Amino acid sequence: MPDSGRLDDPLRYDAPVDPATITIFGATGDLTRRKLMPALYRLAYERRLPAGFAVVGVSRTRMSDDAFRDRMKAAVESHLEDGPFDEELWDGFARGLFYLSGDLQDRELYLQLKRKLDQVDQERQTAGNVLFYLSTQPSHYAPAVSGLGSANLQAGGGWRRLIVEKPIGHDRASAAELNLELRRVFDEEQIYRIDHYLGKETVQNILAFRFGNGIFEPLWNRRYVSHVQITAAESIGVEGRGAYYQEAGALRDMIQNHLLQVLATIAMEPPAAYEPDAVRDERAKLLRAIRVWKPEEVSEYAVAGQYGPARVAGQHVAGFREEGGVDPDAVTDTYAAVTLEVDNWRWAGVPFYIRSGKRMPKRVTDVAIEFNRAPLAMFEAGAGRMQETYPNLLVIRIQPQEGISLRFFSKQPGSGMRLRPVTMDFNYGASFGVRSPSAYETLLLDAMRGDATLFTRQDMVEASWTVVEPVMQHWSSTRHEFPNYAAGTWGPAASERMLERRGHRWRVP
């Protein structure tokens, strides 16, 4: 097996990983092909998987173990984001891949799965440890979990854990109902609700940046922070997922889960220790402290948008209603922006602006923390205007160029005291010289270790739904004048006005 070079990195620390079998329901689906299998292959490439490791794929399509291995090889070759594909490594990795076909509604499937897992355990020496991964349509979550319970697969000779992909329900009531179905079979400690944003290196680095340094945390409060902007912009449209996206929309698809988790990480109180319950307790407290808007307030604090056709870089770009699988009269939000406030002593009165949209000018996800201006512009006459135009700004870049930058003022060379904004920049790749693991690499390993720090808990899921539900309900009863922004722009004008009412403006990433 090739040496990736990471094993000798003195900064790297990996807790041991138990031998285990990962059972993937929906093994022929898009998530498995594009994310899960490339992540597992990359972990094998870097020698981070235990010798006793196996995958059992489960799906309706009939095929042999060898056919499944061939299909997964093609998936890894197509979707491996970095690093070489090594044939010799693949041959060894593929020997641990197995397949079982069947209908998730059929109880016989789970008895067959039990026998298959016993067989794999004997062959691969996995110590009876199994991680079940629900990579299916959300409507299949409850039947799959019920089936696992019918065969008593939630218990065994080793540990048993369950990963549940988002979306966790489509509102708070359905999320609570799904939780009841999960808890009928699995204990809460066995359930890992995955949000891949929490697995991103830069999101994890927020905790290190805040709590590993003594110079930033004293400024992390209402006294010094003017406001916070969280942006998740995509330059692409729905990319053939029109039917799904029509039912979801930007608010449900991005803000309710990913971006509220980012907000909670930015704004949470320091945990007593870096351990799963302590970190998740603080995230949950923060989410519960977000003010829930009344129905009559939503129009002031939230803006929905939908992109229309435009010419971008000389090419015609279809509007959302022209996309395949989309109703020509769809009122789906492909852009959502909300103003949130956190009612606690640290953040009272500080607005948190969150926006997410499709067909924006560029792909970028970042967090921008704007600080209050100096109380007195004591230098050149133009310094006050300069400080207003270029405030002190801390930007945490989540993707695509992971890093952190800080903007402040410095004296320009020459006579007089003229100020100029300058930037100090930290870039992950340049600073460490090693690749950052993908979010799924991190989260799969953590689940195998039993480390739930970067996974969401049910109380966090329900608190997030509580925040967005008034907005969802208001928008569902509102007549939208869609489309209201052109593809390739930064969203509807109403979104700018939402910030202007507080004297702020969206920054251009």
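Biologist: Tyr41 and Phe93, are they buried or exposed?

Modeller: Both Tyr41 and Phe93 are buried, where buried means under 20% relative accessible area, exposed over 50% and partly exposed in between, with a 1.4 Å probe and protein chains only. Keep in mind that this is a predicted model, in which local features need pLDDT of at least 70, side-chain atom pairs count only at pLDDT 80 or more, and totals for chains, interfaces and linings use all residues. Residues are numbered from 1 along each chain as its sequence is written, and side-chain values use heavy atoms, with hydrogens and water left out.

Biologist: Thanks! How many aromatic pairs are there?

Modeller: The count is 19 aromatic pairs. Rings of Phe, Tyr and Trp (its six-membered ring) pair if their centres lie within 6.5 Å; planes under 30 degrees apart are stacked, over 60 edge-to-face, and the rest tilted. Tyr41 and Phe93 make an edge-to-face pair, at 6.3 Å centre to centre and with 85 degrees between the planes.

Biologist: And which helices do Tyr41 and Phe93 lie in?

Modeller: Tyr41 is in helix H1 (residues 30-45) and Phe93 in helix H3 (residues 87-94), so the pair ties together parts 52 residues apart in sequence. Helices (H or I, at least four residues) and strands (E, at least two) are DSSP runs, numbered from the N terminus.

Biologist: What about Trp347 and Phe352?

Modeller: Trp347 and Phe352 also form an edge-to-face aromatic pair, with 5.3 Å centre to centre and 80 degrees between the planes. Trp347 counts as buried because its relative accessibility is 1%, and Phe352 counts as buried at 1% relative accessibility.

Biologist: Which residues form an aromatic cluster?

Modeller: Tyr245, Tyr307, Phe320, Tyr335 and Tyr485 form one.

Biologist: New topic. Where does Pro437 lie?

Modeller: Pro437 is in the loop between helix H12 (428-432) and helix H13 (439-449). Pro437 counts as buried, because its relative accessibility is 12%. Pro437 and Arg42 are 395 residues apart in sequence, with their C-alpha atoms 8.7 Å apart in space.

Biologist: Zooming out, how many helices and strands does the protein have?

Modeller: The protein has 15 helices and 18 strands. Along its principal axes, the C-alpha trace spans about 80 × 55 × 50 Å.

Biologist: How much of the protein counts as buried?

Modeller: Of the 509 residues, 53% count as buried. As for contacts (heavy atoms within 4.5 Å), residues 24 or more positions apart account for 78% of those with a separation of 6 or more.
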